[in-house]
Structure formats: C-alpha cells, structure tokens
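Subject: Structure handover

Hello,

Here is the structure for you to look over. Please open it alongside this message.

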Amino acid sequence: MRLYILILIAIASETVQQSDDLCSHSSLNTCGKCIATPGCAWCESEGDTSRCGKAAAQQWCSGKLTNPQTVIRALQDNPLSTTAGRIVQIKPQKMSIKARPGQKVQFELHYQQAKDYPLDLYYLMDMSNSMKDDKDKLSALGSKLASEMRRRSSNLRMGFGSFVDKVTMPFVNTLTEIPCPDCARPYEFINHLSLTDRTDNFAPAVHQTQISGNVDTPEGGFDALMQAMVCKNEIGWRNESLRMIIFSTDAESHYSGDGRLGGVVEPNDELCHMQNNRYTHGLIQDYPSVAQISNNARKLKMNVIFAVTENVKITYEMLKEAIYNSQTAILKGDSSNVVELIKEQYDKLTQDVIMDYPKSDDFEIKMFSRCKGGNELSETNTCFVKKKGDTITFNVQLEVKQCPASKTQKIYIAPSSINERLEIDLEVDCECDCEKMGNFLASHERCNRQGDLKCGVCSCHQNFWGPNCGCNTNSVSNKEEDNSACERNGETCSHRGECKCGACLCYDPDRYSGQFCQCDNKKCAVGPNGKVCSGPTQGRCDCEGCVCFDGWKSKPDCSCSDNTSSCVPPTGGLACSGHGECVCGECVCRIEQGKGKFFGKFCEDCSTCQDKCDDLKPCVQYQLPNEEGEQLGIPSGCEAYTMLKVEDLNDTTLAEKLQQHQKTEKGERRLRRETNDENPLGGLEPLPEAEALSNSRKCNYYVQGCTYYYKYWTGQDKSTYVFLDTNKECVAPVDIWGVVFGLIGAILLAGIVMLVIWKVATTIHDRREFAKFEKERQAAMFDAGHNPLYKEPASTFQNPTFSQK
C-alpha cells in the first residue's frame, strides 16, 4: 500500500513538473512568446525571477500578470429581415475577435432564408447549328419558364445571351461569312437581353436570335461565361439577389491554352470587355481557365447550372467538381425539359444551405448545428431548409493555431449561394501591450542604455546581449573572461557556441538552446502534420524532447489527444464499452478471460458474448406469414421490441427508417420519455444518425429453405429496435423431371457425338486405303498391251511319271 501511494505521489509530481515546464522553458524569454503558448502568463514584476508561468497558478507572481483574455464584439448585428429592400438573412454581419493561440472561441451564427428573395436568372446558350431545335423549344417555353419561376420569386429578372466561338481559324471557318443556310455570322458572345423584370421579353429575344456555326467540336462557352459573370452593369446583376446562370450546350468548351491554336496567347484578365452588348477581346485574350471561372463564381456568388445533353454529361460532371457551387443537369435532345430542370435546380439551391469558410494553417473553424434533427449538436456546415422563413442556428468554433505573419486577418463566413456574409476581424494576441511602441522604456538605464525595457525585461539593441545588455558581441574583453561557467563535461558550450560574458552564445539559436547549448531542437519528434511536436498548439520542443500541452498525451510527437468522447458508444456508457482502452481517440480492445477478444468500433462485441439473436427469432417469424399464408401467433415478450421492415441492412437505410418511424405520431409518443432519476428533464430523444447504428448486431435464421436476415439496436432510452430485411435468400427446389430429361438428353447427345466421330474416322481411313491402292497400281511393272486379268482357255498339265519313261 505504501509503495502504491509513493507511485501515485511520483506520478503526480511528474505531472505538476511537466505542467510547469510548459511555461518555464528558456525560449519563452519575452512576453509575446509567453502568451503565445497556451495556458501561460507573463509576470512584469521586477522582483520575480520567474517571468513566464502557468496562468492558473497566480501565486507565483507578486506583481502585474499579463494574461490576455478572449474578446468578442459584435460590430454589426442587424436583426433578420425579409422586408423587400432591407433583406437580412445572416446575423451577425460583422464582428471582431481578439484571441491567443490555443484558445477556442465560440459564437452563434443565425441564418433565415427570405420568403421572396430576388432572383436573377440569366440563360446563356450555345448557338451553334446543332442547337437549333433547342433554341426553338426554349423560345416556345420562354413564357412558361417565366411564369413558373415567378411563382418561386415574384421579384424575378431574366436575361438571355448566346455564344459560338472565337472568329478565327481553326475554331471558325473565316473563308465563308455565313457558315450555314439561314445562319448568322459567327461571334464570341452577345448579350441579347440584359436582366429585366419584363420577363415577357425573354421568349422574343430567344426567337429573334439566329443560329450560327463553327468548325471544331468544342465551343467558346467559357469566354461567354466569364463575361456574363464579371460584367455586372452590362448584364444587370443586383447586389441582393440569388444569381443563376443556366449554361446550355451540347458540346465541350475550350479552356485556357486552346487559344494558342488560333494565335491568341494573352491570358484572360477576368475583366469585362463588352461594347454594344458584344464581347470585344475574343481575338486578344485566351479562353479563361477552369480555376478563373471557379474563383469568380466564388467571389461573385454565381450559381452556374450546366444544362447539357447526355453525350457530354461526363465532361461537365467533372467540371462541376472543379467549379465552385456549380451543378450539372441533363437536357433532353430538344431541351423540352428545360422548365422542369431549372425549377428543380432552383429548389435545390434554396433548400440546401451550405456555409463556406476559409481553411488556414493559422486558425481552424468548425461548425455545429441541430438542423439534422435531435437535441445534440452535430458537426456540419450544411443544412436542409424545410420551408422559407425558418431560422437555422450554427454554433461556430474558431481556434487560433499559431501566430500568423499578419497579426490581424479578415475571415468571411457566408452561404454559398447568396451575396451575404459574416465578416470577422481576427486579431491574434502574439504581442503584449507593454511591448508595443510607446508603451516600453527605450534605452533604459537598467539595460545599460543598450536596450529597451519591455514588460520588465531588457530587449537589447544590436550587438548587445545578456540579462542587462551588458555584453557586447564584438568586444575583445569578453573573450578574455573566465570560461569555466560555460563548461560542461569538459566541453565549452557543447561545441555549439562560444562563451561570452560568462554565458554560452549558441551559433544557431533557433536550433540549439540551453545554458550550455546542449539542447538540439531538431531532434524532437515530428507529428503526422509535418510539424515539430505536432505544432505550436499541441506541444513544444524542449531540449531534444516534446513537452505536450494540456489535452495532448505525452506521446513522442504530442499527436495523441486526451479526448475520449469519440470512444464512447452512441448509446452512452463507458468508453470502449468497458472492454478496451481509448488510445488517440480510437478503441483498442482487450482480451478477457472466458470471453476472448472483443471487437467492434466501441469494443461492444465478442465471439462468445451472449446476444439477442435467438430471443428475437420468434418475434421475427411472427412478422412473416407461413407457407399456408396464416399468421403465426404473437410470442410472449415481443411487445417490448419495435419491429421495422427495410429493403437492406446498411446503416444509412436503418437510420432513415428509424427517423421516419420516430417522426410519426406513434414514434413521437415512444420518444417522449418520462421524467426519472436518469432523465430528470424528460424531453425527446435525438434522432439517430447512421454512425449511431454502426454497432447494431446482425442475425439470421434458416427456415423452410430460406435464410432471413435481421439486425437489432438499442437506443439511449434502452428501447430495442429490430430491422427485418424483406429480401430473403432461398435455395431453389430441385426439378426431378428436369434432371431426368437432362440426363437422357446428355446420353443421346453423347451417342450422337460418338457416331459422328466414328463416321469421320472410318471415312478418313477408307480414303487413305484407296489412295494407297492407287499408288500401288500405278507402280506395277507389266506389258501395257497385255491384259493381266486374261487367262488362256486351255491348260496343259504334264504327268511326271510319264515323262520319265
């Protein structure tokens, strides 16, 4: 017991010492460096030798303690409004934040979509000859399009423009002025109708536009798209409006670099070059690049809809991924579905709210909301608006990661589809007020008139150093002083510096530090993010080893978080279900005696663990009719389970089915929990997400030749839900007569094949024998005039006995 207590005391002492070392490092020798370290504060008192220390323990400083706190101020916070002319959809509009590195700042951002928000719809159409039927159909449907879109926004403006290609070879045949019968001369881009609230002019403008033509397959649509975006006055874009550009074509588009084929090499300058509603720089500037299109779409809040035919769908699907806030929709061959297509894309833009925010190494932004259902915040920057006028609240968390090059930065958080935003003036506290010009004592006598007194310590002028700036780097007398104070283990300044004024002056102070230059900062471990000790907010290099800040474990590179919330199952309870250790936010499961090794994301399962599969089997069978079509009687105990039928058992499908069930009247009653000791406030259980169902157990049972699959999951209210897969796997019955007739057919087929083989073999053999006979006959040696088959009619025989006489 005494040994155990001593161990605990040693661990506690080490923890305290490590906590103190965070702020007492020799490199934190100025107020700015000190407050840039999370949890540290600077003591300005002259009597105290310790300057930088833990902010939480103020007793170590007897004088003024500099510990800047986070300051948040709303500079512009107009209330949300849907009144025409004074529409405000995001609140607040401007704020200032002053924070230190390592501090997390939280605030709320509210968004309310206006019910009748202005809509600017510009239709940009390919006028090559292949789009003739599309133009005719758009002209016929122009009035219907205006009528349908006005139902969605009475404050509607519509415009129309067209494009062909650069008027030079090899894009356009310049040898003929008219490329096809009844066609107009080729052109780059023409704005036929600027945005206007007189939407009845849209159809005539389309009808009066003549088809033209070019030579190569790609069109000059990007030239036109760039001009349609940047020519605000010529096109007529309003400051407050949802801006939609319908880019309609049946071919691919030229982009940056293609202009060189026609001798156009000057890069696109992303400026407006329109005169008399025509693009004038088609033969002066190259096509814009995809990045230029995307940057302007982001900057100008343009929502580009690529309405293209099926043959170029793949190309524009890839462009959609590269161009900010763009979408792809498929037109029919004659654009007969254009009205439904635009309505669908408009609804998608207005229902999906996506908050954009910058990403930087200097700070990190996270957004949380309850818009996906339930009472708990979930990390997301995307919400679905059920109806216009609803307010969505985002909880924004901003953390300064390090001291940036510029101490003040502007951050913009804005919906992706409209031209409203929250502007944040961020000021990072990396310099104390007592270090700023006018607040410190220049050339102070305490610093031997060779340095400035800043925050109680001397900041030496050039060539001077030391606690009181009494050492001159170039002074010869310094070299003649006793160097014994700089020696350690027989080495002077570890051979990494020289001794001056009785102290070590390291050759490379950014790398070597310590009283004897004994610390090599480059020997500290580098984290997965490529930074020493995983960056300035997670740890600091301290004499060849990382000292981790609060919240980060003492792993060699300080990359392991102390946060165990990600190891807690969605249903609550112990981290890793009590069967494992939470290491760096992930469960490492244990092997327990009698149960074996646990597995699963939260160590919730093991191969020998008792589950409910067998208990639930009768309840599942009750949900299925038997062979005679009669329903089995409900088994006892099944009333405690909620049975739900699904098409498949993936987690997303289960979550959607459960959410749908819980949103019904019966489901709402099941969600309404009684107030008890475990839930003193009562209320509604949050709707589960797919991740929460990842620890559901899968079961199966076999009956009458079929295998049925089902899963069960227990919610936070301890209710068990059983998901039955309506698709079953059945073994097909054996067809006896099919087997018999198949076998007979196989035998007959084999006999026929053998007969054919025998016939072929005998035929070949006979032909060989006949050929042999013919060869022998031709080689016979006899008189050609005598028939070898003729025999004489008389035969002579001689008696041998008679001949002797």
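Below is what was found in it, from the whole chain down to single residues.

**Ground rules**

This is a predicted model, in which local features need pLDDT of at least 70, side-chain atom pairs count only at pLDDT 80 or more, and totals for chains, interfaces and linings use all residues. Residues are numbered from 1 along each chain as its sequence is written, and side-chain values use heavy atoms, with hydrogens and water left out.

**Confidence**

pLDDT is the predictor's confidence in each residue, from 0 to 100. The protein averages 79, and 84% of the residues score at least 70. Two stretches need care. Over residues 1–20, pLDDT stays under 50, and the model has five contacts there beyond four places in sequence. Residues 476–480 also stay under 50, with six such contacts. A contact means heavy atoms within 4.5 Å.

**Overall build**

The protein has 14 helices and 46 strands. These are DSSP runs, numbered from the N terminus: helices are H or I with at least four residues, strands are E with at least two. Of the 805 residues, 41% are buried. Buried means under 20% relative accessible area, exposed means over 50%, and partly exposed is in between (1.4 Å probe, protein chains only). Among contacts between residues at least 6 apart in sequence, 59% join residues at least 24 apart. The protein exposes about 44500 Å², and carbon and sulfur atoms supply 51% of that. Areas come from the Shrake-Rupley method with a 1.4 Å probe; for residues, only the protein chains shown count as cover.

**Cores**

A nonpolar core is a set of buried Ala, Val, Leu, Ile, Met, Phe, Trp, Tyr and Cys residues joined through side-chain atoms within 4.5 Å. The largest one has 68 residues, and Leu109, Tyr123, Phe160, Phe202, Met244 and Ile342 have the most contacts inside it. Helix H9 gives the most to this core, with six residues. A second, separate core of 30 residues includes Leu225, Ile235, Ile293 and Tyr316. Leu225 is also one of the buried residues of helix H5. That helix spans residues 221–230, and ten of its ten residues are buried.

**Salt bridges**

The whole structure holds 18 salt bridges. A salt bridge is a side-chain nitrogen of Lys or Arg within 4 Å of a carboxyl oxygen of Asp or Glu.

- Asp120 and Arg238 meet at 2.7 Å, N to O. Asp120 lies in strand S8 (residues 119–126) and Arg238 in the loop between helix H6 (232–235) and strand S11 (242–249), so the pair ties together parts that are 118 residues apart in sequence. Both residues are buried.
- Glu340 pairs with Lys343, with the closest N and O atoms 3.3 Å apart. Both sit in helix H9 (residues 338–351), three residues apart, or about one turn of the helix. Glu340 is partly exposed at 44% relative accessible area, whereas Lys343 is buried at 12%.
- Arg449 and Glu445 meet at 3.6 Å, N to O. Both are exposed.

**Surface patch**

Val734, Ile736, Trp737, Val739, Val740, Phe741, Ile744 and Leu748 form a nonpolar patch on the surface. Together they have about 880 Å² of accessible area. Patches are made of residues with over 30% relative accessible area and no salt bridge; like charges are joined within 9 Å, nonpolar side chains (Val, Leu, Ile, Met, Phe, Trp, Tyr) within 5 Å. Phe741 lies in helix H13 (residues 736–779). It counts as exposed, at 55% relative accessibility.

Most residues other than glycine have a negative phi, and most peptide bonds are trans. The cases here depart from that.

- Lys91 and Pro92 are joined by a cis peptide bond, with omega about -5 degrees. Pro92 is in the loop between strand S5 (90–91) and strand S6 (94–99).
- Met169 and Pro170 are also joined by a cis peptide bond, with omega about 5 degrees. Pro170 is in the loop between strand S9 (156–163) and strand S10 (189–196).
- Ser443 is not a glycine, yet has a positive phi of about 45 degrees. Its place is the loop between strand S22 (422–428) and strand S23 (451–454).
- Asn448 is not a glycine either, and its phi is about 55 degrees. Asn448 is in the loop between S22 and S23, and is partly exposed at 40% relative accessible area.

Best wishes
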